[in-house]
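Here's a quick tour of a model with more than one story to tell. Have a look at it first, and then we'll walk through the parts worth a second glance.

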Amino acid sequence: MKTNFYHKKIYKVYIFIITLIPLFFGCENIIEGELPYTERLVIQSELQAGDTVDVHISRTLPPLGTYKEEDARITNANAYITCEGKNYPLRYVEKDFYTTDSLIATIGKTYELFVEWNGKKATAKTTIPPIVTIDAEQSYIKKQVKDFGGGSISYEYYGYIFVLSQPHNVFSIFIQRDNPNYYFSNYINTTYYQKENVLIEVQSGMIFVQSNPQEPQFYTFIKNYDEQYYPFYKTFRSSNGSITGNSSDAPVQWNVTGDAIGMFIGSSVSPAQEVKLKQ
Amino acid sequence: MKKNIFILLLFSFSTLFSTEKFNLQLSKTPLREALQTITKLSQYSFIYGDDLVKNFSVQCTLENVSVEEALQKVLQNTPITYTIKNETKEVVLYQDPNVKTILSGIITEKKSGEVLIGTPVTLYNDTTSQKPFRWAITNKYGFYSIPDIPPGTYTLIVRSLGFITFQQEIILTTSEMRKDIALNENEVQMQEVVVEGMKENQPIRTLSTISVPTELVQHMPSLGGEKDVFRVLQLLPGVKSASELSSGLYVRGGSPDQNLVLLDGVIVYNPSHLGGFLSTFNADALRDIRLIKGGFPAEYGGRLSSVLDMTMKEGSKEKIHGAGGINLINSRLTLEGPITDNMSFMISGRRMYLDAIFGLAYLTGIMNKKQYDETPTYYFYDLNTKLNYTVSPSDRIYLSGYFGRDVLNTNGNTKFDLVWGNATGNLRWTHILSPTMFTNFSLIYTDYSFNSSLQRDTTKNNTFSSLSKIQDIMFRGETQYSAFNNHLIKIGTELTNHTFRAATSLDIFTQKELLNQSQKIQTLDGALYAQDEWNITEQLSTNIGGRMYYFQSGNYLALEPRFSASYALAEDLKVKGSYSIAHQFLHLIIRNDITLPTDLWFPSTKNIIPSKSQQWIVGIERNFGEEYIATVEGYYKTMENLYEYKDDAIFTFGIPLEEQFAKGTGEAYGIEIFFNKRIGSFTGWLGYTLAWTKRTFPELNLGRTFYARYDRRHDVSLVMIYKFGESWELGATWTYGTGQAYTMPSGQFQWGDVYSSYIFSDVIERNGYRVPSFHKLDLNFMYNGTFFGMESQLSINIYNAYNRANPFAVYVDTDYYSQANPPPKVLRKLTIFPIIPTFGWNFKF
């Protein structure tokens, strides 16, 4: 965003200016130091409707030093998932990957996770949300052409997607061109978090081309999350988007509790539906 | 002195043979002699005390009058009344309990004619009295009023540090007396920080109030030689700084925007240059600096935490003279003097010349052209002016103004133009309505603006302009009424029209174009207040008041009770307490702890509820003779409806700013200890603060309470000024503070999906980490002498004398120079100022 760019630049110039004074006095020191370390389990699992339930289990490493994946791996965690009163043990497969082998995430069902390792415990609970679809008739794509001269033309696509949502649905919209390597998606935000049946604008960003390409076809699908995903999304995004570029500004709202961080979150994905390009 | 007395007695026939009627002619006759004459004529004898009649004389001619008629005439200008006993032919004289008089006037400096603020004016029954009979304190205009005084003879004493004590026997009769006094400067200057109410024989006015003499500022060590008022205030207990670079005041857990900063009664919205490096106030232009750290009386309002009330010099009435200073950062010059017998002026300017220094570096080859072109240009300047006109002994008109600007621009690939500053003007009329009633009326204009434009390249898509502006037009009226023996009542009103403008654009506009397109919020802000400084008994003093607000935007009505009291347990020992509620309708929404010029002032609206604080203070103070003072104060403050940007705030054009603010609460409490040596060749103080400052925002830190960035558990400041000989002085300050609260990770982890994953920091607590403690010693050697025919002070400042590597910032960084893959994260501590000796020259002419 240009405004973020603006703030970053102001901040940098500001810091530069105030640093000019000490520079003028000829002094600046950088000294190494230490930080306290709290070891926590790291749980990552998305229970997508129709897929096998798998979980990644690792641990945090000290805040300073090199992050080595193999040091963070946990291969001997005692972990299982319960659903409708039945336990499904998690079997270690490789790296940090554990699987239930046979448990399939089902819409409407609630799953609970229990992990124990080296005296540390983690628990989490999620429900697989229903599929959220779109009204393809009311949805459309618009193209904006910008000619910068000298044969430099950009195309920007705007998707106006009418989502048949319910209050508290937390979802992302994905618009895919016929080229499977290219899709664009929106961000989850509060604008439609509380609303029912909303029209959402999705912007593609600029695509610079030298000539007018063949008009593509667009397909849209919706990924709907367990409601717990929203606070995580907001805090995780903000903690990594500060103007100072520091990625450690704020704690993240995880849904895994105990001596752990992470997300154990249910989701469902709608079938792809074609959306027409509006001339 | 014996006066020449002429008495002519004419005895008529009837007078000789009758005691009923007689003639009497008196010419400047002492009352005692007049009464003796009447006794001879009437055969009535008088019973009275010698003290009752000794100060009065009589002049009158009476024909064929009775005793009673004669007494009415003779005693008419005295507070003496009588009872006649015809049976015994006796007249008993006694003082009329209903007759009282008023002593009032203005206290000034004899040399300059400047009024003296906060000076105690004390009446004693006689020169041997230990306890004052009555007293008053001069207000901001030097005015005092002592009402309700029984006529008689008193000793009037006016004392102000740095001035020869004025002492005079005065006789008060029934008529009111105007007594303007000009104090002579003392040859031996003494320095002190005055904790109000702690001077001997001075009543308690407000708790937690500290007056800093502007002279003191000149004696303190400084960075780069520029004496800064705010940096002196930061050495007081309960006042903290955000960082070594910042002159922002964090008073008792409040952020800088919670301080009401007044310059000659005008609100200054941005009191700092260069993002807080220096305050905007030129110490040469100031006459009075007063900081109220909490529990402020009802006459102040609109901010949650503190009041910094500064008064500019009026300008010498004696002759035109000036003062100036040259140091490494900037230069300044002040001129003041009379225009006519009734009019004087003061003008004071200051300019920073970092831009000129870079220019010099380029000209001398230290910087090449590319470096010079790419170096941002920065400078600031400020100008204080004041004109004061004495219309009559009871009327004065003041016109004061302040104008300050910071300018920052670059000419590299990214072009920046940032200009921000304040302009203020105040037209004030003070009028002494009666000996007990003082009024002042002000018409105030304030203009704060921040303008920016950015052009990253030649395309219009990479440009940005913004404008933020506050314009206030304010009327303030106040009446001070010395109602009775023990009441000083102030009633006032403030009516302000605020105009806020904010605009952002993705195109480069001129500021005029941007102003035309800006979003405008206009709102009225009204306040009405009343307070009574009431000395209930000799031991118990109170200040009871209330303030009522109306803020149009959002339609808010707020009431604020204010109460403070002091009780003298012994002559030198007092306990104090206060309770106050304060509201704030203008909010500075900050991005982080550094006060960037981009921080936004935003008014209360329907969605932005006014901030509110409640504060309780208890304290004890003890005088150890005149030389030492010690105070201990404890405070507890709660704050509601505080605003910060959300962690995920979006600054995209078109998204309402109000949606980007997080609302929360705050809590601050602590104990402050202050020990002050006030007079002598060695002066100074030791201050210690133990404090906690917490914030709770549902949308920050997962709703958990966290420490504010400027929370500092322990804070110590030691200030010493030592004068050795006539010419040399040493100023020294040593400060210690617990490290600031920072947000730091307590681990790192990998997060992602099958396609990509990244290493992130695991943050458990906002501001949960403490940087190493801060301490440093600053020294200032001053030599007073004459250079180039001017009275001068040469100063050598040594900043950070023992070269402590204090942390300015601590952050986690990736060490890309490392051979490891992925590169390791390291903690870096940035230290800015090592030992820095600088030289400065201040002069007067």
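A residue is called buried at under 20% relative accessible area, exposed at over 50%, and partly exposed in between, using a 1.4 Å probe and the protein chains only. This is a predicted model, where local features need pLDDT of at least 70, side-chain atom pairs count only at pLDDT 80 or more, and totals for chains, interfaces and linings use all residues. Residues are numbered from 1 along each chain as its sequence is written, chains are lettered from A and ligands numbered from 1 in the order in which they are written, and side-chain values use heavy atoms, with hydrogens and water left out.

Most residues other than glycine have a negative phi.

**An open sheet in chain B**

Four strands of chain B make an open sheet in the order 9-8-11-12, with antiparallel pairing; strands pair if DSSP finds at least two bridges between them. At its edges sit strand 9 (134–137) and strand 12 (166–172) of chain B, each pairing on one side only. From one strand to the next the twist averages 20°, with axes taken as lines fitted to C-alpha atoms and angles running from 0 to 180 degrees between N-to-C directions. Strand 8 (residues 120–124) of chain B is joined to strand 9 of chain B by four bridges, and P120(B) has I137(B) as its bridge partner there.

The loop between strand 11 (152–158) and strand 12 of chain B holds S160(B). Is S160(B) buried or exposed? At 15% relative accessibility, S160(B) counts as buried. Setting aside neighbours within four places in sequence, S160(B) is in contact with L116(B), T119(B) and L183(B), contact meaning heavy atoms within 4.5 Å.

**Helix 7 and the cores**

Next up is helix 7 (residues 354–363) of chain B, where L354(B), D355(B), F358(B), G359(B) and A361(B) are buried. Down the axis of helix 7 of chain B, these buried residues fall within an arc of 160°, so they line one face of the helix; the arc is that of the directions from the helix axis to the C-beta atoms. On the other side of this helix, L360(B) and L363(B) are exposed. After helix 7 of chain B comes G365(B), with a positive phi near 85°.

A nonpolar core is a set of buried Ala, Val, Leu, Ile, Met, Phe, Trp, Tyr and Cys residues joined through side-chain atoms within 4.5 Å. The largest has 35 residues, and those with the most contacts inside it are Y269(B), Y300(B), Y378(B) and W601(B). Helix 7 of chain B gives the largest share of this core, three residues. Another core lies apart from it, with 32 residues, including L233(B) and I289(B).

**Chain A**

Chain A comes to four helices and 19 strands. Of its 279 residues, 47% count as buried.

Methods
Helices (H or I, at least four residues) and strands (E, at least two) are DSSP runs, numbered from the N terminus.
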